[in-house]
2 protein chains.
Amino acid sequence: MLDSQLVEAARDFNRFYTNFLGVLNRAYLNTPFTLTDARVLFEVGSHEGISPVTLSRDLQLDPAYLSRMLKRFRNEGLIETRPDPADGRGQLAFVTDKGRAAFQELGRRSNAQIEARFNELASDQPQRIVAAMRTIRSMLDPASTAPPAIIRAHRPGDIGWIVQSQAKAYTEEYGWDMRFEGLIAEVAGRFLANFDPATEHCWIAERGGLNIGSILVTNGGDGVAKLRLLHVDKSARGLGLGKTLVDECVRFSRDKGYRQISLWTNDILHAARGIYVRAGFRLVSEEKHRMFGPELNGQTWVLDL
Amino acid sequence: MLDSQLVEAARDFNRFYTNFLGVLNRAYLNTPFTLTDARVLFEVGSHEGISPVTLSRDLQLDPAYLSRMLKRFRNEGLIETRPDPADGRGQLAFVTDKGRAAFQELGRRSNAQIEARFNELASDQPQRIVAAMRTIRSMLDPASTAPPAIIRAHRPGDIGWIVQSQAKAYTEEYGWDMRFEGLIAEVAGRFLANFDPATEHCWIAERGGLNIGSILVTNGGDGVAKLRLLHVDKSARGLGLGKTLVDECVRFSRDKGYRQISLWTNDILHAARGIYVRAGFRLVSEEKHRMFGPELNGQTWVLDL
DNA sequence: CCTATTTGGTGGACTGAGTCAAATATATAC
DNA sequence: GTATATATTTGACTCAGTCCACCAAATAGG
């Protein structure tokens, strides 16, 4: 059965990760806290006003054990508890300043451990690991919500990411050949080489430290802004990110005094075309080409500002 | 720092997975074994003839504790130990039939737990989870970093990877600014755009599906081959990969009838310089520049073929 | 060859993390 | 009002895991 292999593999991973976490959790050996202490402190610190029941349910701890632990923390001045005004039986836990300091110190140690691990890895491995972790988590824990996407200016490495992610995506999805990667690498390279912050910009959409989308505006001269390299990673489609990115470009171009935005795309990229249409672009020319292997319909769209 | 979000995300996953494993491990509650018992029994069962030292190292257990545990297992007829013929101090542990039965029963329970989880998921989710688990494992488990490095021609996405990994590395290590990324993106883009397989080549060093190094030869005209974009990821340094890549380029250039190879580098890249020197390159010119921010010593090296 | 040091394994003694059962007080259901 | 469920606490216990000291065999150094 196919399933049994998967189960076996998952079990194997669990054994491995049990060991791995065991090693990481040794970090607490130099502190006065046990792993469980740390988990509780962390939970109280990050959900102020949490009740012991919730705590014991979330962390799977014996209420008696937890009660004593909270008492200890109270005596050590790490937390405070107040009666729950809404329920005479319950109470709410808060960290004191001292508790917060301890909790942040634990966080720092924990981060340092992981950072040390990540530093031993190849440059793009941490991102892949985190992406994989997110995959697992999103499936095993449907309640977990993806962190919100943010849009920011480009940073070192981002331009390479744009080239790589788009090259891979279009090769896989449409069978384009490497000339496409060559084209975007050149476009991206020229953008950086002649970058004029006053009239040009690159936006990267990022979610939880992972890049998920990109777009850029370059100065085409003659009052025309060129919109280029719009792309949204397939893991982030359907969120309206493409529209947001395009809107951002339009707003930027208008602010900077361009009179028109133009862009070049290919008709098979339906999702992108929909975005352009809704943003008010109009198709001005179209020609068949074979620049990337398969026969394509190249299109030029413009928007007057 | 750039990485802090990733670290945070990894820590978050670890917290989640600690809980998750905690729940799964409740499977042992109905058996006479603790989680640690089960881990040891599993390890002995799947590595017959394993020695207690190895066991205590692999599972991070106190040798005294383990010794007592093995004694208990021996008394209960679950395992047998024989003296190690190769080392009078050591011993080797084997499971008995009864032990094997117990160990398989534990495996069944464990599988059942995971199966139950998987059954609640959509049809393709288990596969994706397992794939993600493999990703994580292959990167975090040093033992599985074993696969040898291979060197191959470039494929879609590789050029973007070159740009990204080098931009990140040189920004972090030497503080170069984004103009550097622009330069290499342009170089890489032009390479692909005008790619002539008869006289040019790109090599990617890969290990276990991950890119770890690159180099390329372009036609500089006039019988001169240009060696460009040599880079080895920090996770793969010290393996002689740089040398191998350069040698490959030299051989290729000789085969293709070039009369000389030339390259441009910066003197602070000591490791690279060592490789060039050993390959027989000689320094022909040098000039200070500030192309990437900090003041650098650009150098041109050549090798007559 | 003898001596010093390291490594594999074991027993004694302890501790404290975590469990189980019972008690108290408040809330909710009918 | 009674009955039952929920939140928290206290008492009493146990056993998983640790620390230290020791023995026996192996290895290293002179």
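Reader: How much area do chain B and chain A bury between them, and what percentage of it is on carbon and sulfur atoms?

Author: This is a predicted model, in which local features need pLDDT of at least 70 and side-chain atom pairs count only at pLDDT 80 or more, while totals for chains, interfaces and linings use all residues. Residues are numbered from 1 along each chain as its sequence is written, chains are lettered from A and ligands numbered from 1 in the order in which they are written, and side-chain values use heavy atoms, with hydrogens and water left out.

In contact (heavy atoms within 4.5 Å) are 76 residues of chain B and 80 residues of chain A. The two chains bury about 7,500 Å² between them, and 67% of that lies on carbon and sulfur atoms. Buried area is the accessible area, taken with a 1.4 Å probe, that two parts lose on being put together, summed over both. Of the area that chain B buries against chain A, 9% comes from Leu6(B), Arg11(B) and Leu140(B), more than from any other three residues.

Arg137(B) forms a salt bridge with Asp12(A), with their closest N and O atoms 2.8 Å apart.

On the side of chain B that touches chain A, at least two residues each come from α1 (4-24), α2 (35-46), α5 (97-119), α6 (125-140), α7 (158-174) and α8 (178-193) of chain B. Helices are DSSP runs (H or I, at least four residues), numbered from the N terminus. α1(B) gives the most to this side, with 19 residues. By class, the side divides into 36 nonpolar, 20 polar and 20 charged residues. Here Ala, Val, Leu, Ile, Met, Phe, Trp, Tyr, Cys and Pro count as nonpolar, Asp, Glu, Lys and Arg as charged, and the others, Gly among them, as polar.

Key. Salt bridge = Lys/Arg side-chain N within 4 Å of Asp/Glu carboxyl O.
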